[in-house]
Amino acid sequence: MNTTDNSGDVRLSGISKTYGAFTAVHPLDLTVPQGSFFALLGASGCGKTTTLRMIAGLEEPSGGTVFLGDQEVTHLPPYKRPVNTVFQSYALFPHLDIFENVAFGLRRRGIKSVKKQVVDMLDLVQLGEQARKKPHQLSGGQQQRVAVARALINTPKVLLLDEPLGALDLKLRRQMQLELKRIQTEVGITFVHVTHDQEEAMTMADTVAVMNAGRVEQLGSPTDLYENPNTTFVANFLGTSNLIEAEVDTKSGDDIVLKAGGGKLVLPEARCSAPTTTGGKVLVGVRPEKISLTHADDAGEIPEGRNRITGKIADSSFIGVSTQYVIDCPVCPEFEVYAQNIDRDARLVPGAEVVLHWNPAHTFGLDAAQDIDAGVDIEEEAA
Ligand SMILES: Nc1ncnc2c1ncn2[C@@H]1O[C@H](COP(=O)(O)OP(=O)(O)O)[C@@H](O)[C@H]1O
Ligand SMILES: [Mg+2]
């Protein structure tokens, strides 16, 4: 790929959309670099589709500009933009076979010899064998691949995908996630993928923008968002976080020492997105898989220097690769701990008194002025 080519960059500058008094998308600045797989992730109604439609030209922005590469396209009609969209409903032509569905864009532009391009495109999506079938003879996943091929044959600079896998069952969706990722790597064009499914966004995208109520809350690589969430919404929406209300006590080198309940917790200052004045409140966060559980009788064996809190096992579910515990802790009523099933301690059953401990480096700190439950239990429904 030519690294100086930026013709597939998507740059949104102050782009917004209001419907009467309601703001669906607040002024938004976003750059999607050429060739990247970018995901817009958020719950139903947060403004993902509206943002995508403004890039496609299907929705007039209330303010701001859209650039594709160096070209401003804000007021261009959709067909003049080097962009194609794939929707959840693939809308294939039922009376045309797969070959002709894929050839459609070329034929419409008056191109006569379409065979090579269509065959290449069907190979790319691994449907070469199905060329003469009708859409209803294919599975949902295959039909969605036809829709992708039909869009890509127009050689767009950017492919927009709006919940394209939403209608597929979980197993097929997982396969298609890998398949779409492979196709994107192979063609090397910019993909902007909209989804409400956090696992899907993390599996596929290089960069994820987490949207909430018409704003991007945080943007980063999947690992970065997961390990260093900056808001309670991101911490809770992307996986599970345990959040503990704490108070800044002192600073010690690069660390902040906090008081929580009767004990102390250590947090690297660089991992805290909240103000850290002494006496101020901070939400201390840690992911469930970062925590070790030790029966209270063995508490003396826990190494020095780990963050620790005490609690009582309220519930445990064995799910094969791990056991998921809910621990009732004075500082956090439903603390979640995921333990890999390696050497199970038979004493770790509901009712047992335990110590939870973890490496302070895995702790993050959030502004306590936020809703501690933002992003928890958002309904998993397609938008
Ligand atoms: N044409 C419209 N008129 C009024 N409100 C709209 C219109 N289109 C979308 N909205 C509202 O804008 C918000 C964002 O919608 P949308 O971008 O479709 O969200 P998402 O794709 O994230 O589920 C929603 O509250 C939706 O009801
Ligand atoms: Mg939508």
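## Helices and rings in this model

Helices are DSSP runs of at least four residues, numbered from the N terminus. The model described here is predicted. Helix H8 covers residues 232-237. Phe233 and Phe237 both belong to helix H8. They sit four residues apart, so about one helical turn separates them.

A pair of aromatic rings is described by two things: the distance of the centres and the angle of the planes. A search of the whole structure turns up four aromatic pairs. Two of them are described below.

## A tilted pair across the chain

Phe37 pairs with Phe191. Their ring centres are 5.4 Å apart.

Where do Phe37 and Phe191 lie in the chain? Phe37 is in strand S3, residues 37-41. Phe191 is in strand S8, residues 190-195.

Phe37 has 0%, so Phe37 is buried. Phe191 also has 0%, so Phe191 counts as buried.

Now back to Phe233 and Phe237. Their ring centres lie 5.2 Å apart. Why is this pair stacked? The planes are at 15°, and planes under 30 degrees apart count as stacked. Both Phe233 and Phe237 are buried.

## Arginines over rings

Arg132 lies over the face of Phe99, 4.6 Å from the ring centre. Arg287 lies over the face of Tyr226, at 3.9 Å from the ring centre.

Technical notes. Residues are numbered from 1 along each chain as its sequence is written. Chains are lettered from A and ligands numbered from 1 in the order in which they are written. This is a predicted model: local features need pLDDT of at least 70, side-chain atom pairs count only at pLDDT 80 or more; totals for chains, interfaces and linings use all residues. Side-chain values use heavy atoms; hydrogens and water are left out. Rings of Phe, Tyr and Trp (its six-membered ring) pair if their centres lie within 6.5 Å; planes under 30 degrees apart count as stacked, over 60 as edge-to-face and the rest as tilted. Helices (H or I, at least four residues) and strands (E, at least two) are DSSP runs, numbered from the N terminus. Buried means under 20% relative accessible area, exposed over 50%, partly exposed in between (1.4 Å probe, protein chains only). A charge sits over a ring if NZ of Lys or CZ of Arg is within 6 Å of the ring centre and within 35 degrees of the ring normal.
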